[in-house]
Amino acid sequence: MTHTRRRLFGLALASLALSACTTAPPAAAPQAPKLLVLVVIDGLPMRQVTGYRDQLAPDGFARFLDRGRWFADAHYGHGHTVTAAGHAVMLSGAYPQRSGIISNEWRDPATGAPVYNTGDADYQYIDSPTAPLSGTSPRNLKVETLGDVLRTRSPQSKVIGISGKDRGAILPAGHKGTAYMYMTETGRFASSTYYMQRHPQWVTDFNAAKPADAFFKKTWTPLLPEAAYAHSVPDGQSWQIASGNGNRLPAVIGDKMDGPGPRYYSNLLATPFGDELTLAFARAAVTNEKLGQRGVQDLLSVSLSSHDYINHAFGPESRLSHDHLLQLDRHLQAFFQFLDSQVGAGNYVMALTADHGFTDTPEWAATQGRDAGRFASSPSLAVVNAALSAKFGVDKLARDFSAAGLLLNDTLAAERGLKLADVQAAARDALLTLPGVAAVFTREQLLGGDTTTPYLEAMRKSFDPARAAQLQVVLKPNWIFSYRAGGSSHGSPYAYDTHVPLLFWGPGHVGQGEVKARVEVADLAPTLAAIAGLPAPAQAQGRDLKLRP
């Protein structure tokens with residue numbers, strides 16, 4: 001080798017060595033987030049998030065949509081889509097057939113006695129009155145949650161659930177967390193004796209300041225000019241509930257009241273100020289419990305209840321609902337910025353979802369040419385019992401409606417020598433004659449293996465045979481179970497009730513971009529578990545969505 005070639009060869013080796021020294025090493029996997037945050041918007045259909053996208057603030061929902069990972073087609077897989085059932089799914093990954101939380105309330109199949117999803121007479125609220133059937137513990141929840149998994153692995157970790165509703169706080173917090181809920185009698189936040197005997201000092205101080213009273217006589221004013229709401233249904237419609245704060249904006253909260261009291265505190269939830277108050281308590285929890293700031297992993301769940309109350313009263317198509325989402329968006333932006341400052345933008349992962357969507361108000365849907373209506377339980381029960389009495393000669397073989405089903409009196413039927421299958425079949429036939437009823441599934445169908453009949457699998461996921469009624473009812477599209485003349489509801493297996501947001505944000509943990517593939521909210525718990533470096537809850541039916549950057 002000539003001198004020149006040796007020199008060139010040496011330079012090449014040196015260059016390779018230098019290259020090896022200066023090439024960046026493979027990126028290390030991000031450390032598990034110090035804080036997992038779940039934000040739940042009660043009663044928010046995904047169509048509202050995307051429908052108002054051009055009116056969002058730059059750093060609320062837009063942080064998820066523009067800089068986070070989000071799923072455009074996320075659904076609940078169970079058919080009876082209500083608040084308690086949805087909140088039980090989120091952090092357990094288990095549908096009502098496993099969780100046992102089949103509805104907000106139901107009737108005991110053996111006795112007909114009412115059961116509340118988080119009711120537990122062994123415990124009371126702290127420093128607040130406890131009415132019968134109040135939600136005070138997770139006893140009825142049959143499965144573990146992600147917070148339970150976390151605290152089993154790391155007892156020093158904290159799991160806190162906060163909500164305007166007891167079920168919105170208790171069910172995500174699981175068995176080993178701590179729940180705080182808003183008391184409509186007092187305007188305070190309280191826990192129950194299931195969790196502790198007395199509140200921490202910071203909770204006492206928060207309540208002593210009477211923050212709910214600060215909104216007395218405050219005005220809910222539309223955020224944007226009138227033209228921005230051109231595609232929403234105007235205020236003051238005959239089907240919009242006018243009790244509470246009225247059905248027009250601007251609205252003065254506590255108008256014509258002498259001072260704050262139970263009616264004012266209750267009405268506050270159906271305004272943007274209800275969310276503002278709940279998030280103020282969440283900030284106090286993060287600050288005083290030092291969530292995500294103590295060298296161990298923590299979990300915070302915040303369920304914001306106001307949108308559900310507003311949609312129930314006015315419908316998701318209303319300007320009031322439209323404006324509330326925009327107000328909520330601004331509150332969410334402020335909460336993001338608080339967490340960035342208090343915990344550190346790279347130290348937490350936030351997921352946002354809803355417990356169910358919402359049906360358009362039937363009266364408005366009818367003006368759009370849709371077959372829509374209200375299914376009233378009491379007259380329907382009378383029709384079924386009359387048919388059963390005519391066929392079998394026995395009165396009151398049907399006890400009542402329970403959750404999404406009709407509860408039959410099996411004991412009475414057996415005493416009269418009737419075959420239970422015959423009573424079920426006759427009751428099913430009677431139900432199918434009623435206006436608005438699309439399908440009725442028997443206990444045998446729900447326990448069977450048929451996967452082709454429409455909506456049967458969804459109702460099967462809502463069916464716990466120890467707690468649910470023997471017959472499960474599916475109404476026609478645009479029909480709702482209703483106990484009053486106005487407003488709207490949810491609870492069906494149709495997309496407007498199952499399709500909800502599933503949004504993630506967390507630099508280095510979840511990546512970015514829209515995902516169009518259909519997923520289920522039951523996937524949330526296994527996905528967050530993987531991000532946190534934890535096993536999924538034992539009864540989870542969802543899957544890890546593998547949100548890697």
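## Helix packing and nonpolar cores

Helix H11 (residues 306-314) packs against helix H12 (residues 319-344) at an angle of about 170°, and their axes lie 9 Å apart. H11 is therefore roughly antiparallel to H12, a label given to angles over 145 degrees. This is a predicted model, in which local features need pLDDT of at least 70 and side-chain atom pairs count only at pLDDT 80 or more, while totals for chains, interfaces and linings use all residues. Residues are numbered from 1 along each chain as its sequence is written, and side-chain values use heavy atoms, with hydrogens and water left out.

**H11 and H12**
- H11 passes H12 in a left-handed crossing (the near helix is turned anticlockwise from the far one by less than a right angle).
- Ser306, His307, Ile310, Asn311 and Phe314 of H11 make the contact with Leu320, Ser321, His324 and Leu325 of H12, where contact means heavy atoms within 4.5 Å.
- The residues of this contact divide into 4 nonpolar, 5 polar and no charged; Ala, Val, Leu, Ile, Met, Phe, Trp, Tyr, Cys and Pro count as nonpolar, Asp, Glu, Lys and Arg as charged, and the others, Gly among them, as polar.

**H8 and H10**
- Helix H8 (residues 201-208) and helix H10 (residues 272-289) cross at roughly 150°, and their axes come within 10 Å.
- That angle makes H8 roughly antiparallel to H10.
- The crossing of H8 and H10 is right-handed (clockwise).
- On the H8 side the contact is made by Trp202, Val203 and Phe206, and on the H10 side by Leu277, Ala280, Phe281, Ala284, Ala285, Asn288 and Glu289.
- The contact of H8 with H10 comprises 8 nonpolar residues, 1 polar and 1 charged.

**Nonpolar cores**
- The largest nonpolar core has 109 residues, and Phe61, Phe335, Leu339 and Met350 have the most contacts inside it.
- A nonpolar core is a set of buried Ala, Val, Leu, Ile, Met, Phe, Trp, Tyr and Cys residues joined through side-chain atoms within 4.5 Å.
- H12 gives the most to this core, with 10 residues.
- Methionine 350 touches Val37, Val39, Phe64, Leu332, Phe335, Phe336, Leu339, Leu503, Phe504 and Trp505, not counting residues up to four places away in sequence.
- A second, separate core of 25 residues includes Leu381, Leu397, Ala430 and Leu431.

**Glutamine 424**
- Glutamine 424 lies in helix H16 (residues 420-431).
- Glutamine 424 is buried, at a relative accessible area of 5% (buried means under 20%, with a 1.4 Å probe and protein chains only).
- With residues up to four places away in sequence not counted, glutamine 424 touches Leu408, Thr442, Arg443, Glu444, Gln470 and Leu471.

Methods:
Axes fitted to C-alpha atoms, helices over the stretch in contact; angles between N-to-C directions. Helix = DSSP H or I, 4+ residues; strand = E, 2+ residues; numbered from the N terminus. Parallel < 35°, antiparallel > 145°, perpendicular 65-115°, else oblique. Buried < 20%, exposed > 50% of the residue type's maximum accessible area, 1.4 Å probe, protein only.
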